[in-house]
Protein chains: 2
Amino acid sequence: MSAPALTALQVGDAITPLSRRVTQVQINAYAEASGDPNPIHTNEEFARAVGLPGTIAHGMLSLGILAGAVARWAGGSERLTALGARFSRPLLPGDTLTCSGRVIAVEEASGVVSLAVEAVSDRGDSVLTNGRAQVRLDT
Amino acid sequence: MSAPALTALQVGDAITPLSRRVTQVQINAYAEASGDPNPIHTNEEFARAVGLPGTIAHGMLSLGILAGAVARWAGGSERLTALGARFSRPLLPGDTLTCSGRVIAVEEASGVVSLAVEAVSDRGDSVLTNGRAQVRLDT
């Protein structure tokens with residue numbers, strides 16, 4: 001992965017968008033790996049019983065995909081120094097999540113670049129909103 | 001999981017801390033589930049070659065544990081509406097991560113509670129800092 005050149009970056013520049021389709025198989029794997037036992041993610045019947053349209057992906061799975069989008073653009077996950085977002089709408093198995101972002105600040109001395117980031121589903125839902133990320137690029 | 005009563009909450013109240021030991025087995029599972037192929041998380045030799053003390057956990061794995069701590073305290077992961085933090089120090093396999101937090105704002109009308117959150121390792125490293133979480137409790 002090649003990182004963007006710090007000196008060429010400008011406020012408003014977009015990061016390369018990343019789209020990823022999320023499957024129930026991946027949601028099940030994430031439930032196991034993360035240790036989140038909430039059956040709204042893995043049990044269709046349970047999810048419907050609590051008023052959901054079916055199982056939903058973990059918000060942290062979506063946030064992890066967003067982290068991957070920023071890390072890929074920045075040239076490696078070790079360059080991602082901060083991340084946060086609002087979990088606004090659920091992502092359903094079979095949905096494709098598209099992550100995007102824009103540079104909102106560049107500190108040339110330290111190499112710290114701040115980004116506004118978000119993720120939307122292919123059904124038009126704003127899954128992650130009000131996102132902020134920070135990366136550290138080579139000075 | 002029983003949620004805290006909104007009306008009883010006060011600014012400064014601590015959430016129930018959560019400690020979790022992270023193993024290489026879990027890091028490997030997380031790498032697969034999240035689709036992050038960076039070998040600094042799974043390949044000891046590679047990690048040492050790039051100057052790390054060995055493999056390190058994904059920052060998003062630590063953030064996921066922090067999410068779990070907030071969700072458990074709030075009475076369910078569906079109540080966690082926003083989360084973010086700074087990835088300050090790496091977490092190593094075998095380390096135990098302890099997550100904690102304090103209430104910084106309570107909006108009684110909407111049920112939205114804001115928290116300052118963080119996570120430290122049992123070797124004294126501040127793994128996640130400057131964390132903010134938001135949960136929505138029953139009004």
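Trainee: How do you know that strand β2 (residues 80-87) of chain A is joined to β2(B)?

Mentor: Five bridges link them, and the two strands run antiparallel. A pair of strands needs at least two bridges found by DSSP, so five meet the requirement. A strand here is a DSSP run of E of at least two residues, while a helix is a run of H or I of at least four, and both are numbered from the N terminus. The model is a predicted one, in which local features need pLDDT of at least 70 and side-chain atom pairs count only at pLDDT 80 or more, whereas totals for chains, interfaces and linings use all residues. Residues are numbered from 1 along each chain as its sequence is written, and chains are lettered from A and ligands numbered from 1 in the order in which they are written.

Trainee: Which residues of β2(B) stand opposite L83(A) and R86(A)?

Mentor: L83(A) has A85(B) as its bridge partner, and R86(A) faces A82(B). L83(A) also has a bridge partner in β5(A), namely A133(A). Six bridges join β2(A) to β5(A), again antiparallel.

Trainee: What is the order of the strands in the open sheet?

Mentor: Ten strands follow one another as β1(A)-β3(A)-β4(A)-β5(A)-β2(A)-β2(B)-β5(B)-β4(B)-β3(B)-β1(B), with antiparallel pairing. In general, strands of a sheet pair through backbone hydrogen bonds, either parallel or antiparallel.

Trainee: Why do β1 (18-21) of chain A and β1 (18-21) of chain B stand at the edges?

Mentor: Each has a single partner strand, so one side of each is left without a neighbour in the sheet. On average, neighbouring strands of the sheet are turned by 20° against each other, direction ignored.

Trainee: What does helix α3 (residues 59-74) of chain A touch on the sheet?

Mentor: In chain A, α3 touches β1, β2, β3 (96-107), β4 (112-121) and β5 (126-136), and in chain B it touches β2. Its direction makes about 140° with that of β2(A). The counterpart, α3(B), packs on β1, β2, β3, β4 and β5 of chain B together with β2 of chain A.

Trainee: Which residues of α1(A) and α1(B) meet?

Mentor: Q26(A), A29(A), Y30(A), E32(A) and A33(A) meet Q26(B), A29(B), Y30(B), E32(B) and A33(B). A contact requires C-beta atoms, placed from the backbone, within 7 Å. Ala, Val, Leu, Ile, Met, Phe, Trp, Tyr, Cys and Pro count as nonpolar, Asp, Glu, Lys and Arg as charged, and the others, Gly among them, as polar.

Trainee: How many residues does each chain give to the whole contact?

Mentor: Chain A gives 27 residues and chain B gives 27 residues. On the side of chain B, α1 (24-34), α3 (59-74) and β2 (80-87) each supply at least two. The largest share, eight residues, comes from β2(B). That side has eleven nonpolar, eleven polar and five charged residues.

Trainee: How do you know that the copies meet through the same surface?

Mentor: 100% of the interface residues of chain B are also interface residues in chain A, so the surface is the same.

Note on methods
Contact = placed C-beta atoms within 7 Å. Axes fitted to C-alpha atoms, helices over the stretch in contact; angles between N-to-C directions.
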